[in-house]
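Biologist: I am new to this structure. Please take me through one part of it in close detail, and then show me how some other parts are held to one another.

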Amino acid sequence: MKYQVLSEEILQGVGGKENINSVMHCATRLRFKLKDSRKADTATLKANAGVIMVVESGGQYQVVIGNHVSEVYQDLLTTAGLADDSSNNADEDKGSLFARFIDIVSGIFTPFVGIMAASGILKGLLSLALACGLTTETTGTYITLSAAGDAVFYFLPILLGFSAGKKFGGNAFTTMIIGAALVHPMMMAAFTASQAGSPPLHFFGIPMILINYSSSVIPIIFAAWFSCLIERVVHNRLPGAVRNFTTPLICLAIVVPVTFMLIGPVATWVSELLAAGYLHAYSFSPTFAGAFMGAFWQVCVIFGLHWGLVPIMLNNLAVHGADTLLPLLMPAVLGQAGATLGVLLRTRDVKLKGIAASAFSASLFGITEPAVYGVTLPNRRPFIFGCIGGALGAAVLGFYHTTSYSFGLPSVFTFSQVVPKTGFDASVVAAIAGALVAFIFAAITTSLFGLPAAKATVKEEAAPAAPMAVVNPDLLHKETLVSPMSGAVVALDQVPDETFASGLLGKGIGIQPSVGRVVSPVNGTVASLFRTRHAIGLEAEDGSEVLIHVGIDTVKLDGLHFTAHVSQDDKVRVGDLLLEFDIPAIRAAGYDLTTPVLISNSDDYIDVPAASQQREVAAGEPLLTLIK
């Protein structure tokens with residue numbers, strides 16, 4: 001239950017359980033299908049310390065968490081009382097055709113993309129071992145590990161059958177069995193015999209077109225959709241006592257033969273057409289294709305549109321046994337890794353340095369969302385330098401036609417997947433060179449030009465006295481922030497919440513309120529008002545950003561005992577009433593009312609000390625000094 005509080009806050013932020021059609025997760029994101037995205041409180045979610053970013057794209061409401069997303073997902077299911085495959089598609093807003101396509105693709109491939117990537121890496125490492133002469137194709141070690149690496153791709157129709165059945169709202173076990181029929185040993189033997197000149201099989205006198213469906217992608221997806229369609233038509237029309245086995249019986253008896261005789265051949269033709277179309281576009285100018293994909297891959301990732309390319313890569317491998325798209329994406333990933341390293345080396349902002357350090361290691365292994373959302377994109381220039389580096393590096397790979405022989409996430413492991421069994425060649429050297437170009441260019445340019453001077457030279461909180469000692473006092477500018485409430489003053493590190501006490505959300509002070517009123521400490525604008533009315537953010541005319549968070553964990557009250565007297569974007573003056581809250585009722589509910597008053601952009605100031613040594617303060621009296 002480590003992430004229970006975060007999961008509760010996310011659940012409230014997306015509009016509650018009743019607003020969720022379905023939820024799944026990928027490597028770093030919770031992917032919600034909401035009944036009404038307008039009910040989601042995006043501003044509150046973005047302000048949550050446990051959330052990296054919120055993205056609405058492809059018909060999905062995506063909450064970016066980071067590498068621990070699976071743990072948050074499990075706590076979310078427990079908190080909301082949802083099943084792992086929970087969905088209620090009856091009221092689902094279908095959205096645009098493109099949004100539906102992205103949603104379908106991500107829903108089908110997300111559940112097992114991790115094992116596909118792991119299997120692809122294993123196949124790549126085996127190819128590397130062959131190229132280096134460490135093993136041969138006849139050894140037991142190679143055969144065993146090769147079977148482990150090949151299994152997910154050989155039996156891909158079975159896995160796709162299961163996940164597609166769930167996505168299309170049917171019996172996933174029925175569609176999984178349809179996928180298994182496509183690669184059944186008897187059907188594979190019949191295909192092999194037909195290739196040797198044996199007469200074709202017939203189904204009630206109708207000749208069947210036999211195709212090798214192992215590793216295929218598109219045929220089973222169409223077959224699963226057709227099966228789910230039949231299931232919806234017949235299930236409720238059958239007697240309740242027998243429908244649990246008669247519905248699958250009808251689906252199997254109809255869909256399997258139709259798939260072998262019609263759906264499979266047509267879908268295979270579409271697959272070959274798609275592969276030929278990609279190959280034609282790539283061969284027109286591989287260098288330009290590389291530069292384009294290297295530059296814009298991370299843009300696609302930001303909006304979740306990269307899922308639209310996953311079937312193309314898998315289809316290329318199924319049709320041609322090789323893929324030139326995956327290698328082009330590797331420099332794009334390492335470009336963002338290089339930019340993140342540049343930020344890590346350049347900045348002296350303690351918080352940003354900590355985020356960059358963890359995000360850098362994750363990005364090397366293909367998980368770039370923490371780096372993009374937490375480091376490079378918020379600072380703009382590092383993201384741009386990373387994209388430029390990706391374009392330069394991928395252009396090198398395109399020029400030398402670097403090819404991948406297995407599927408995986410674009411990462412440092414891609415190096416092993418571009419090594420052919422015949423050994424190293426120019427395309428492998430180009431992969432290494434292109435990756436280094438992307439990484440080094442992004443790291444150097446970001447280190448030199450990627451951060452504004454303020455973010456590059458912020459001093460660590462542990463030693464605020466050093467800059468004070470060397471700065472001419474005549475050059476200092478001090479501003480006073482008055483107290484937004486009356487009560488006892490508490491040092492920030494004594495606030496009973498580690499997130500606030502650590503200063504991660506900004507420097508400031510705590511107040512134990514004696515009066516249930518919050519007034520404006522600044523002349524400015526209401527930048528954010530939490531839906532639960534327990535917290536408010538202000539942007540002052542002088543540039544300071546103030547966060548007032550009434551109580552600890554009071555978000556759980558869902559607005560009970562709080563009254564707001566302003567709205568977001570309202571103009572306020574010092575002393576204007578912002579919030580009222582019922583102190584006895586909140587304490588009776590078991591909540592601590594210690595209220596952090598923070599300067600969210602305290603990195604813009606040399607220090608933010610208390611304005612006086614008083615243990616009590618009244619609303620409107622000096623509370624903090626902001627020193628520039």
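**A histidine pair and its surroundings**

Modeller: The side chains of His-549 and His-534 are joined by a polar contact of 3.2 Å. Keep in mind that this is a predicted model. His-549 sits in strand 13, which covers residues 545-549. Is His-549 buried or exposed? Its relative accessible area is 11%. Buried means under 20%, so His-549 counts as buried.

What else does His-549 touch, once neighbours within four places in sequence are set aside? His-534 is on the list, and so is Ala-535. Phe-500 is there too.

Now to the salt bridges. The count comes to six. Here are some of them.

One links Arg-573 and Glu-541, with the closest N and O atoms 3.2 Å apart. Arg-573 lies in the loop between strand 15 (571-572) and strand 16, while Glu-541 lies in the loop between strand 12 (535-540) and strand 13. The two are 32 residues apart in sequence, so the pair ties those parts together. Arg-573 is partly exposed, at 45% relative accessible area. Glu-541 has 60%. Exposed means over 50%, so Glu-541 counts as exposed.

Another salt bridge joins the side chains of Arg-517 and Glu-580, at 3.8 Å from N to O. Arg-517 belongs to strand 10 (residues 517-519), and Glu-580 to strand 16 (residues 577-581). This pair ties together parts that are 63 residues apart in sequence. Arg-517 is partly exposed, with a relative accessible area of 37%. Glu-580 is partly exposed as well, at 29%.

Asp-150 and Lys-123 meet through their side chains in a salt bridge of 2.3 Å, N to O. Asp-150 is in helix 6 (residues 140-154) and Lys-123 is in helix 5 (residues 113-131). The pair links distant parts of the chain, 27 residues apart. Asp-150 is partly exposed, at 28% relative accessible area. Lys-123 is partly exposed at 22%.

Strand pairing is another kind of link. Strand 8 (residues 487-490) pairs with strand 9 (residues 507-513) in the antiparallel sense, over four bridges. There, Val-490 stands opposite Gly-510 of strand 9. Strand 8 is also joined to strand 18 (residues 616-617) by two bridges, and these strands run antiparallel. On that side, Ala-488 stands opposite Glu-616 of strand 18.

Methods
Residues are numbered from 1 along each chain as its sequence is written. This is a predicted model: local features need pLDDT of at least 70, side-chain atom pairs count only at pLDDT 80 or more; totals for chains, interfaces and linings use all residues. Side-chain values use heavy atoms; hydrogens and water are left out. Buried means under 20% relative accessible area, exposed over 50%, partly exposed in between (1.4 Å probe, protein chains only). A polar contact is a pair of N or O atoms within 3.5 Å; within protein, one must be able to donate a hydrogen and the other to accept it, and residues adjacent in sequence count only if both atoms are side-chain atoms. Contact means heavy atoms within 4.5 Å. Two strands pair if DSSP finds at least two bridges between them. A salt bridge is a side-chain nitrogen of Lys or Arg within 4 Å of a carboxyl oxygen of Asp or Glu.
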